[in-house]
Amino acid sequence: MLMTILSILTVSLIAAALAAVLVVADRVVSDYGQCEIDVNEGQRTFVIKGGRTLLDSLIEQKLFIPSACGGRGTCGYCKVRVTEGGGPLLPTEEPLLDKKEIEQSVRLSCQIKVKQNVRIRIPDALLSVREYVCEVAEIVELARNVRQIQFKLVDPDRMKFIPGQYMQLLTPIYEKSTEEVYRAYSISSDPEMKDRFELIIKLVPGGICTTWVFEYLKVGDTVRLNGPYGEFHLSGTEAPMICIAGGSGLAPIKCLLHQMKNTASRRQAKFFFGGNEVRDLYHVETMREFEKTLHDFEFVPVVARPEEGADWKGETGLVTEAVMRRYEDVSKHEAYLCGPPGMIDASIALLTKRGMSEKNIFFDKFS
Amino acid sequence: MNTRPEVLHALIVCFSAIFTGNMVLSLFLGLCSFIAVSRQVKTAVGLGAAVTFVTACTTVLNWMVYKWVLVPLRIEYLRYILFIIVIAAFVQFVEMVLERYSPVLYQNLGIFLPLITVNCAILGAALFMVIRDYTLVTTLGWGLGSGLGWFLAIVAMAGIRMRLANERIPRGLQGPGITIIIAGIMALAFIGFSGVLAGS
């Protein structure tokens, strides 16, 4: 009996002693001291405690570098030019950086740890990205598994954005998720609405954010978003526009159309919106309104497989096929694409084959 | 056990651990990471060095724990648990140091760094030390030799596999399959070393 207790005690004491040694070692070895982060040659500087990833350190200092995968190194949104102090290129970064980026010292900020003073360069627009506290004002069911959420800005109570940009919605920890994640959604509402904005969200089976939005989010809830981000916006030219979207990709196109109406633009535009079945189409009335109020706009809904009894008289098949039927030569046009990566790749291939130059194709890929 | 001076005995044990009683090729221990990390010489060298360091240090530490704690208290049967605890703590320490001073190697080794803890070659080295009742100095030679033997085996395998990279290997044998076959041929070759040292 005594021997048993003695033996258990001995093993536990030795294990505890080793654990204590490890804790001390961790404090000593992993102590990187205070490190300075210099952003855009002095526009902003922070002094922080080293040891965390560059992305986490920057977000903690309220500099919101976009990120969609939560630091797993799979989305590539968090790319930052690190001119000094980034350390050697890590194998987890290599798959997402091309040769030109590596030459320019572009790194994945979610993979590198701040161990010494760092100098970075980021697009100036990111410096004006802020976190917004909002209240859910309205939830509208647009189609099966597609919802439009209207957010009223609380703090700050105004937001400036360029139509086409997206926000990152913070999904809190809840029953089905043990970590906070950010997911990107384009703003779909009229930019004239100054105190609120809308996002269109489509349910992804098993998705952390969309499950939370569809099963837990209610009118009156407080949420946090940061933004606005993104380089997708109207070009300044008068070239005729071909807009192609699928799923929740209608959102930024709708926002661009609002902008065109607000500025009385006379650009010709055609919007090809693809859905699997007739009941997947939404905002059809909104688009018909735009046909009346815009100078030269046509809405072309394309249904892949119209269901029985839907009595669909419009275009059928893939949205890219519908575009092919309408245009022969698109060298004078500009394209605005938004939707799943497969649709975007197919559209780019089709448009370049028909004469469109790649620099006239603008897109927002949702992955 | 014998009348040779201790250091000489330690050197002989070290030599035999590398060649005549190689951990991987004669005793067949530590095969998991041996097969998985032997694709490239660079990572094999990194992992081999880590395993050598861990084996050398933990066999010595385990000798101390065994002789100074377990034997006096007559709880030798707890050696399986205690040796693993010591090895796990030590590997954790090595991970910390590696992450700080060589992040590229740390990322390259990935999951195989913590897997050193359950590398049976390291626990095996500690247990053999008990069975053969080595002294402290001999244990150091034994630990170092076992580690170096494992290191030699994995680097040799990596060199061979890199040469084979452009060969056409039947699909079913690619990866682990051909590696085990090569390991078998290497083991056969190492049998040639047996009998080199009298009495070992």
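How many helices and strands make up the secondary structure of chain B? In this predicted model, chain B comprises eight helices and zero strands. Chain B also forms an interface with chain A, in which about 1,900 Å² is buried between the two chains.

**Fold of chain B**
- Read from the N terminus, the order of elements in chain B is α-α-α-α-α-α-α-α.
- Chain B has 200 residues, and 46% of them count as buried.
- When contacts in chain B between residues at least 6 apart in sequence are considered, 78% of them join residues at least 24 apart.
- Chain B has an accessible surface of about 9,900 Å², and carbon and sulfur atoms account for 68% of that surface.

**Extent of the interface**
- The interface brings 24 residues of chain A into contact with 21 residues of chain B.
- Of the area buried between chain A and chain B, 76% lies on carbon and sulfur atoms.
- On the chain A side, 26% of the area buried against chain B is supplied by A:V11, A:L22 and A:V29, more than by any other three residues.

**Polar and charged features of the interface**
- One salt bridge is counted between chain A and chain B.
- This salt bridge joins the side chains of A:K113 and B:E99, with an N to O distance of 2.2 Å.
- Four residue pairs are in polar contact across the interface of chain A and chain B, with both residues of each pair at pLDDT 80 or more.
- The side of chain A that touches chain B consists of 15 nonpolar, five polar and four charged residues.

Terms used
Residues numbered from 1 in each chain as written. Chains lettered and ligands numbered in written order. Predicted model: local features only at pLDDT ≥ 70, side-chain atom pairs only at ≥ 80, totals over all residues. Heavy atoms only, no water. Contact = heavy atoms within 4.5 Å. Buried area = accessible area lost by both parts, 1.4 Å probe. Salt bridge = Lys/Arg side-chain N within 4 Å of Asp/Glu carboxyl O. Polar contact = N/O pair within 3.5 Å; in protein donor to acceptor, adjacent residues only side chain to side chain. Nonpolar A, V, L, I, M, F, W, Y, C, P; charged D, E, K, R; others polar. Helix = DSSP H or I, 4+ residues; strand = E, 2+ residues; numbered from the N terminus. Buried < 20%, exposed > 50% of the residue type's maximum accessible area, 1.4 Å probe, protein only. Areas by Shrake-Rupley, 256 points an atom, 1.4 Å probe, with all protein chains shown as cover.
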